[in-house]
Amino acid sequence: MSIVLYGLVLSVALSAVIVGTLYANPRLLLRSYPPAIKRRAGAQTASERKKTAIVGVFFLLLLIGIPAVSTRMLERAQGGDIAFSDAFLNAFGIMTFFNAVDWLVIDWLLFCALTPKFLVIEGTEGMAEYKDYRFHFRGFVVGTALAAAASLAMAGLFAFL
């Protein structure tokens, strides 16, 4: 239950950050766009890089913080000790829940299928890469590997400290 609940909380929070950022200025998430779109859009300005860094810090705090809080609560529920495997599975499950929502809802549904005007970067209108489902699947695979690495580190901290 903890994984589903916290996975949902993480998904809603990070989806709001992503969609809100895209709505405000899609160039702030330029790193997440397919390479051809990035090339045509051009490099970020200094101001955009600064804003991207601020959004990135907030994103990472949520991405790590919510699974950490959930794992801490699970540890307390287990009497103050948590097995490495329990800590890993909890954190990985929550991050993977979000990764799947990001891939299926934000990337495939919003970005590829619907492609609302607010996420299309000026000068890249009509590019076929906005419908590149394979690019976003690869992002899901990379996200899964990163979630595993982060979850291993988090589990190590909880189980051995």
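**Salt bridges in a helical fold**

This is a predicted model, and the protein in it holds 5 helices and 0 strands, following the pattern α-α-α-α-α along the sequence. The C-alpha trace spans about 55 × 30 × 20 Å along its principal axes, and buried residues make up 42% of the 161 residues. Among the contacts with a separation of 6 or more, 72% are between residues 24 or more positions apart.

Against that background, the protein carries 14 positive and 10 negative side chains, the centres of the two sets lying 8 Å apart, and the structure holds 2 salt bridges. In one of them, the side chains of Glu48 and Arg27 meet at 2.8 Å, N to O. This pair links distant parts of the chain, since Glu48 belongs to helix 3 (residues 46–77) while Arg27 sits in the loop between helix 1 (2–24) and helix 2 (35–41), 21 residues apart. Both Glu48 and Arg27 are buried.

The other pairing is between the side chains of Arg72 and Glu75, which meet at 2.7 Å, N to O. Here both residues lie in helix 3, and because they are 3 residues apart, about one helical turn separates Arg72 from Glu75.

How values were computed
Residues numbered from 1 in each chain as written. Predicted model: local features only at pLDDT ≥ 70, side-chain atom pairs only at ≥ 80, totals over all residues. Heavy atoms only, no water. Helix = DSSP H or I, 4+ residues; strand = E, 2+ residues; numbered from the N terminus. Buried < 20%, exposed > 50% of the residue type's maximum accessible area, 1.4 Å probe, protein only. Contact = heavy atoms within 4.5 Å. Lys, Arg positive; Asp, Glu negative; His and termini not counted. Charge placed at Lys NZ, Arg CZ, Asp CG, Glu CD. Salt bridge = Lys/Arg side-chain N within 4 Å of Asp/Glu carboxyl O.
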